[in-house]
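The following note sets out some points for a colleague who is meeting this structure for the first time. Please read it with the sequence and the model in view.

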Amino acid sequence: MIFLNINNLSVSIEGKKILNDFNLTINQGEIHAIMGPNGSGKSTLANVLAGNEDYEVDSGKIMYKDKDLLDLNIEERAQRGIFIAFQYPVEIPGVKITPFLQASINSKLKNENKPELDRLSFAKLLRKKAEDLGINSEMLKRSINTGFSGGEKKKYEILQMSVLNPEFTIFDETDSGLDVDALRIVTEGINNFKNNNNSFLIITHYQKLLNYINPDHVHIMRNGKIVKSGDISLAGEIEESGYQNF
Ligand SMILES: Nc1ncnc2c1ncn2[C@@H]1O[C@H](COP(=O)(O)OP(=O)(O)OP(=O)(O)O)[C@@H](O)[C@H]1O
Ligand SMILES: [Mg+2]
């Protein structure tokens, strides 16, 4: 089944064209990676998929299963199982992790006509997931990302993913700023979560992350569009000789 189908998408910010007839199709159960030089439009793509309204969609279509994604607001996208971890996660002082995640998961469950989780069963679930990811339970009492180190923010994103159980996840440079142990925790988190029913779009600059995750498809993005697609060996080519050949 096709999860995401992006067709001739063009996007601009303040009159400047950033995505230029961009095309991408992701099927259920697939991991796709996008690599590309700084400023090629990777985070712009993540923002448009998230529903950030600062970005102007000039033309094109994004279908998520049978729904036109551009008709859905941020919350509706989350309720339908889309999860996005951003390059620069925002700090939300005063919003505590535990009640925030409980409200988020319950909003999704409600939308699926499933029973919501009470405080105790949610706390149990959260502690278990945190433990699996090597996250200290003290952290769960804190405000979202507030004062977290770069690596802690990335781990928190993985925790959020494993709690919300999305069917389509987008990671924007989850690897930057991670030490080797944190990189292992993050990639193990992704690999443990991965199954035949969920899909991923992983934006990265590094072959190393892809070696751990082993994506089905690797795409090179330049000047707002995909210029080459292939398997993981593309990542090796880039590591070796950069983007000059693309
Ligand atoms: N809010 C904005 N206002 C103005 N220009 C923007 C804005 N967001 C992105 N751009 C521009 O759009 C282009 C693409 O940016 P984008 O962040 O998508 O690149 P990227 O591929 O994610 O790069 P990197 O690898 O450095 O993260 C850049 O030239 C950037 O300056
Ligand atoms: Mg970026």
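What percentage of the 246 residues in the protein chain do buried residues make up?

1. Buried residues account for 35% of the 246 residues in the protein chain. A residue is buried if 20 or more other C-beta atoms lie within 10 Å of its own, exposed if 12 or fewer, and partly exposed in between, with C-beta atoms placed from the backbone.

2. The model is predicted: local features need pLDDT of at least 70 and side-chain atom pairs count only at pLDDT 80 or more, while totals for chains, interfaces and linings use all residues. Residues are numbered from 1 along each chain as its sequence is written, and chains are lettered from A and ligands numbered from 1 in the order in which they are written.

3. The protein chain contains 8 helices and 12 strands; these are DSSP runs numbered from the N terminus, helices being H or I of at least four residues and strands E of at least two. Its radius of gyration is 18 Å, close to the 18 Å that the globule rule gives for 246 residues, so the protein chain is as compact as a globular protein of that length. The radius is taken over C-alpha atoms, and the rule is 2.2 Å times the number of residues to the power 0.38. The C-alpha trace spans about 55 × 40 × 35 Å along its principal axes.

4. In the largest nonpolar core, which has 55 residues, M35, I84 and I202 touch the most other members. Such a core is a set of buried Ala, Val, Leu, Ile, Met, Phe, Trp, Tyr and Cys residues joined through C-beta atoms within 7 Å. Leaving aside residues up to four places away in sequence, M35 touches T204, H205, V218, I220, A235 and I238; contact requires C-beta atoms, placed from the backbone, within 7 Å.

5. Ligand 1 is surrounded by 13 residues, of which N38, G39, K42, S43 and T44 are the closest. A residue belongs to these surroundings if its C-beta atom, placed from the backbone, lies within 6 Å of the molecule. Helix α1 (residues 42-50) supplies the largest share of the shell, 3 residues.

6. Two loop residues deserve a look. E14, between β1 (2-13) and β2 (16-27), has a positive phi near 45 degrees without being a glycine, and counts as exposed because it has 7 C-beta neighbours inside 10 Å. N113, in the loop between α3 (97-111) and α4 (119-132), likewise is not a glycine and has a positive phi of about 60 degrees.

Terms used: Contact = placed C-beta atoms within 7 Å.
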